Amino acid sequence: MPADNVLTLRNITKSFFGAQVLHGIDLAVRRGEVLGLVGENGAGKSTLMNVLGGVVPRDGGSIELKGSAFEPTSPRDALKAGIAFIHQELSLFSNLTVAENIFIDELPTGPLWSVQYEQMRAKAQEYIGAFGVEASPVTKIGSLPMGVRQTVEITKAVIKNAEIIIFDEPTTSLSQKEKESLFKLIERLHHEYGITIIYISHILEDVFALCDRIAVLRDGHLVGVDETGRLDKPAVIRMMVGRDLSQVYPKVEKTVGDVVYEARNVVQGRAVQGVSLELRTGEIVGLFGLMGAGRTELVRCLFGVDRMDSGEITFRGRRLRSITPEACIRQGMAFVTEDRRQEGLFMPKPVKDNLVAVGLRHMTGLLGMVKRPQESAEAAKAVGNLGIRVQDPERQQAKSLSGGNQQKVVLGKWISQQPTMFILDEPTRGVDVGAKHEIYEIINGMAKRGATVLFVSSEMEELMGVCDRILVMHRGQIIGSLERSEYHQERIMSLALGGRGR
Amino acid sequence: MESVTTLPRLGSRKLLPLLYQYGIYIVLGVMIVYFSTTNPNFLSVRNAMIILQQAAPIGIGVIGMAFVLVVAGIDISVGQNMFLVAVLVGIAMRSMEAAGYLGTVRSFVIIYAIALCVGALLGIVNGLLVARFRLVPFIATLATMGIARGVALIASNSKVAFVPKLGVVSNGAIGGIPYVVIILVVLAIVFDYVLRRTPYGRQVMAIGADSVAAQKVGIRVDRDVLIAYLICGTLAGLGGVLSAGQVGAVAVYFADGNEFLVISAAVLGGTSLFGGKASILPGALIGILLVTTIVNGMTMMNASPYAYKIVRGGIIFLAVMVDSLNYKGELR
């Protein structure tokens, strides 16, 4: 047992609103290692790290940092003690320069409290050069791309002598290229600077590629820690969700009926170049394509979010005259995207208000007043049916939920309207494995009741698991339609790349 | 993502920011030319001095307002702050006069000290309400505005107080340059330095951009915000006593509506209502000059006093619109 643990957590417990979030976590972090921390959203990863960072006080247990007790009461304490956080939302100020951002908490001063800009810039430049930040110290943060901003934040942590850097879902807003350079940088922090890294992510490929060890949390328990070499993806998923990967895609008995939705020659600019498709009742149809294939543009046109240049849509035997979101909703369609904020989830409002937002006008009585008991009952029903994890739907804000549960609220909002056609654009993006499973079940449930589902996703595996049929788009056109028996990863990919798909 | 179909607007991309940045100078220039052509007396050294002198007391308030706006706050109590300060100073002077004490250097020191303290006190109250008790700045300062006005009306018994002795400072000049203008310029230099060159200035900029992040990186947000309101209240108090001295009398409508002059001058000068962006040199000064020039020009044109309100409203609208168009961040 190597004793060189830089950080030891013992029996950490924490409750929120009477619900226990951490059940006595014991975790030792070795000096200089890259430790992956995985778990579903809501498993307690963030809470554990917030306890460590002094953002929230712990209820019980002890933290030992570099051999002595550590009692952080603010993020500042943690930083002083050498623990830095890189969150998905960066703590940088867009109106200040790179150098100012790096030193903002302790600006070097000279006579008359004047900030020593020269000294600051010189020191910032030194590290910026070393880390290959593509910016000068005097560049305003606001003019830099996300990837560079993140490097600035990392540079800042190193300048502040951080010995432990905690990355919390750092790749969420990065492009593939930015992601690669982030990983290179993490390697360097680890090798050249000997910095201990705790890497939190739900992207298991990344965790496996980067980390020396992986710790898995589930429902506030630490269910396992082991060397990466001794683990594989299915094993980790099993630990995360408590079941096998094959069970991620639920099976359902349902019948596919007649064609109910038909789009003919839909054209929009260069993104959508004459797409026709037919969808049946009870059918789940996947729409796959690479970035820029026109998937999102197509479904936005179909729902009238963007105007189509030409084309027609027939739904339930009638040709739609005006294709606007309002008309589509009236016709019984629903459109759910990955963008839960834009989607119209009222983040600061209680879960209940969100769930009944669309159906509210059907719950009114005398003088158009909302019938509160009915409102609460409907919301409670939706929470139960969809398995939304919420303590108190009447009071808890939507933003306090994990991503997966937020998505379920969005789905629930629409389901209350009992639409007969769902267009789902990346409904599981940013959602962990367990919640994905539950969302698939919700989708299956819709189809079982006879609704039609058009499911856009960039994850081929999930489309293959869930859909009855997959349409593949390439350069604004649908160039292939595959039945379940024809599913083959390489074939779908070669179609998406514009090949014949043999 | 931006829609691809929009045609590239040649020039506008370069022209617009330029217009936002220098628009105020253009407007100021146009105003000066316009008023000069309609009234030959407008463009004279004497009138320029009058404008500067009129602008100074409120301009001092604008400097303070810049600090409140930069932390994404607002202080609409500054007008009534000035009124309360003027009333209390008037009362203090009356009792000093009764004691035969008025006129000594010491009496003046006490008078201006009272003004600064009353202003500072209101600033601290605003700061505590906003920073400690988390009230929305608009509502918090609306409350103090009402309270300040009420106290001032009760204290003054709604009667006019005459304070001609204050004219020594407010209307005095050295080498043709009014004292008040010197005070304004000195304060502008000092507070511009505070904003641009000190850690406090950089940190309030950060708070205005993202107060949650500011808290996270270890900036003492509450303290810094409180100080911003303190600066604003204190400078408004000073502006109030100087303004009272210029008029020579404090009536019930003294300084009424000044908060809008102060806020619109600050915004015209390039300080953003959204926080995180402020300019004192030259912003605050140019802003107040523009506002005062318009008022002065209209007076010379014998415009209806009611027309001021319309013009004032128009200025606020223009300033805020440009600010919103210029704002790139997330709308709240």
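I looked up S158(B) and placed it in the loop between α5 (137–156) and β1 (161–162) of chain B. Helices (H or I, at least four residues) and strands (E, at least two) are DSSP runs, numbered from the N terminus. The model is a predicted one: local features need pLDDT of at least 70, side-chain atom pairs count only at pLDDT 80 or more, and totals for chains, interfaces and linings use all residues. Residues are numbered from 1 along each chain as its sequence is written, while chains are lettered from A and ligands numbered from 1 in the order in which they are written.

Back to S158(B): I read a phi near 60 degrees, a positive value in a residue other than glycine. I noted 10 C-beta neighbours inside 10 Å, so S158(B) counts as exposed. The cut-offs, with C-beta atoms placed from the backbone: 20 or more other C-beta atoms within 10 Å is buried, 12 or fewer exposed, in between partly exposed.

Next I checked N11(A), in strand β1 (residues 5–16) of chain A. Its phi is near 50 degrees, positive in a residue other than glycine. N11(A) has 13 other C-beta atoms within 10 Å, so I logged N11(A) as partly exposed.

Then the peptide bonds. I found a cis bond joining L281(B) and P282(B), with omega about 5 degrees. P282(B) lies in helix α12 (residues 280–300) of chain B. Most residues other than glycine have a negative phi, and most peptide bonds are trans.

Last, confidence. Chain B averages a pLDDT (the predictor's confidence in each residue, from 0 to 100) of 88, and 92% of the residues score at least 70. I also wrote down an ipTM of 0.81 and a pTM of 0.75 for the complex.
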